[in-house]
Amino acid sequence: MSPDATSGSKSGSRSGRARASSRSSREGRSSKGAAQPSDDNQGADLERRIGRLEFSEGALVRLRVPVRVEEEAGRDVITDMDVLAVEATRRLQVSRSLLECKSGLGQSKEPDRLLWLAGLRGLLEVDRAVLVRQTITKRGRDLAARLRLSTLDMRTLQAREASIAWVPERFAHVDGAACLAAEKRVDVQLKGLAWLPSSLIAFLRFDALIARPHQILGALTTLGEVASTKGTLPEPTDVVVAGHALVDLLIAACEDARHLDQVGRLELEARVMRGHMTGDPDDQHTLEVIASANKLMRYYLEQVHQAYVDSGITRRDVDVPDLGSVVAAPAPWVGRYADLVEALRNNGRIAADILQTAELACFDALAGDTNYQARAFDHLFTPEHRQMLRLAVRVLREVSGPAIADRLGGLNDLDFERSAPAVPDRQVPAKATATAATEATAEGSVLPAPEPEQLTTDN
């Protein structure tokens, strides 16, 4: 799905969340007697618990992600993903997981939900799909195996949660208070930013998580062009959009790093350039046709000049632009992007962590929360992570411009001198870290980004 294929991000994200909460628990029914949590709350809480579990196992996590198609505004969101997990391994294998959460107790619709999930997995071309329910019947497990799906019941979930007690209950996009407030404020502010394409922002917030690298890079280039010519983004939209852009850039770079050993740097740069100019990194024919057209045009232009000279008229040469520049201007940032790809390929350990580091730094720390300081996340904030994140921000500055990248200057103030504990006690619950900043973000505010010079210039 490309940025220009979607629209209506504001209404789509809100309606997607509403559908996710109600759909996740529509099988549950409150019994008579004492008051019980609403179905909506049960469904949303189950999604949060699954997202927390996936994050603890190394994945970047987003909840209630709308699934968008090419359609008019208001009809472009066909469903949503309760939990989407994006994971990069040390060998730079990037995989996506789709998790469908059902909090109700009934089993009557178990086969229908498995069939629906198999279809959605095929539509989105994700690597793994999991159905989460209170209980899973033998019939359900057998059908899931035939459909190449996984299942997870509440008993198993609770057992796995016991081993990750040290992970905060909420943080960043796993229903972190500051992140939720900032994203909600962005939805409101986008209504007044008519110059900012809603389809572009929707792509950066949602679609880029499952997009191909050249689509992501194209969207980031467009974002830079719009931001540099149309206007200034207000807070917190500026920081939130910049955070999504940084995470998206890292997803694209991790994907490309996986192929670097096979294609080499020169071919990678050529592929990125083709993707930028034609919209398809595998399309060599279009550029070959343009090159041939250039030769033909210059040949006939020379013939015209010679005819004037033969007629006794003084020749005057005129600079003729290359036809390739008419299709799209060359991307001067390609070399810098290749530097990032090589850096990720050469340090698989940091590459496997960097998506989570960027998520916590941008959507927990810069949003004004403190959950990122939990000991469970110490391994994500080392000097090597800081170095890689700084390189990514510098590349983002080349691709999307200073109007976007410089809003991430607050990353300079974060503590990256941490290290994973030698023998962590994962069963000790994370301490509550409510602060004045968290209380402020509950009202919808976000910490302003400090000056960006250090982040964008240091090596």
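## Two threonines in one loop

Thr370 sits in the loop that links α14 (348-365) to α15 (383-400). This is a predicted model. Is Thr370 buried or exposed? Its relative accessibility is 11%, so Thr370 counts as buried, since buried means under 20%. Look back along the chain to Leu360. Thr370 and Leu360 are ten residues apart in sequence. In space, their C-alpha atoms lie 9.5 Å apart.

Thr382 belongs to the loop between α14 and α15 as well. Thr382 has a relative accessibility of 12%, so it too counts as buried. Which side chain does Thr382 join through a polar contact? The partner is His385, at 2.6 Å. Setting aside neighbours within four places, its contacts are Ile350, Phe416 and Arg418.

## The whole protein

Now step back. The protein has 459 residues, and 53% of them are buried. It holds 18 helices and five strands.

## A covered helix

Helix α8 covers residues 213-229, which makes 17 residues. From first C-alpha to last, α8 reaches 25 Å. That is close to the 24 Å expected at 1.5 Å a residue.

How many of the 17 residues of α8 are buried? The count is twelve, so α8 is mostly covered. Among them are Pro213, His214, Leu217, Leu220, Leu223 and Val226. What do the buried residues of α8 pack against? Their partners are α7 (198-205), α9, α10 (260-278), α13 (334-346), α15 and α16 (402-405).

## Two crossing helices

Helix α9 (residues 237-258) also packs with helix α6 (residues 177-190). The angle between α6 and α9 is about 110 degrees, and their axes are 9 Å apart. The two helices are therefore roughly perpendicular to each other.

Which residues meet where α6 and α9 pack? From α6 come Ala182, Glu183, Val186, Gln189 and Leu190. From α9 come Thr237, Val240 and His244. By class, this contact has four nonpolar, three polar and one charged residues.

## Backbone exceptions

Most residues other than glycine have a negative phi, and most peptide bonds are trans.

Pro236 lies in the loop between α8 and α9.

Arg64 is part of strand β1 (residues 60-68). With 10% relative accessibility, Arg64 counts as buried. Where is Leu92 found? Leu92 is in the loop between β2 (77-88) and β3 (94-101). Its relative accessible area is 0%, so Leu92 is buried.

Note on methods: Residues are numbered from 1 along each chain as its sequence is written. This is a predicted model: local features need pLDDT of at least 70, side-chain atom pairs count only at pLDDT 80 or more; totals for chains, interfaces and linings use all residues. Side-chain values use heavy atoms; hydrogens and water are left out. Helices (H or I, at least four residues) and strands (E, at least two) are DSSP runs, numbered from the N terminus. Buried means under 20% relative accessible area, exposed over 50%, partly exposed in between (1.4 Å probe, protein chains only). A polar contact is a pair of N or O atoms within 3.5 Å; within protein, one must be able to donate a hydrogen and the other to accept it, and residues adjacent in sequence count only if both atoms are side-chain atoms. Contact means heavy atoms within 4.5 Å. Axes are lines fitted to C-alpha atoms, for helices over the stretch in contact, and angles run from 0 to 180 degrees between N-to-C directions. Angles under 35 degrees count as roughly parallel, over 145 as roughly antiparallel, 65 to 115 as roughly perpendicular and the rest as oblique. Ala, Val, Leu, Ile, Met, Phe, Trp, Tyr, Cys and Pro count as nonpolar, Asp, Glu, Lys and Arg as charged, and the others, Gly among them, as polar. The expected span of a helix is 1.5 Å times one less than its number of residues.
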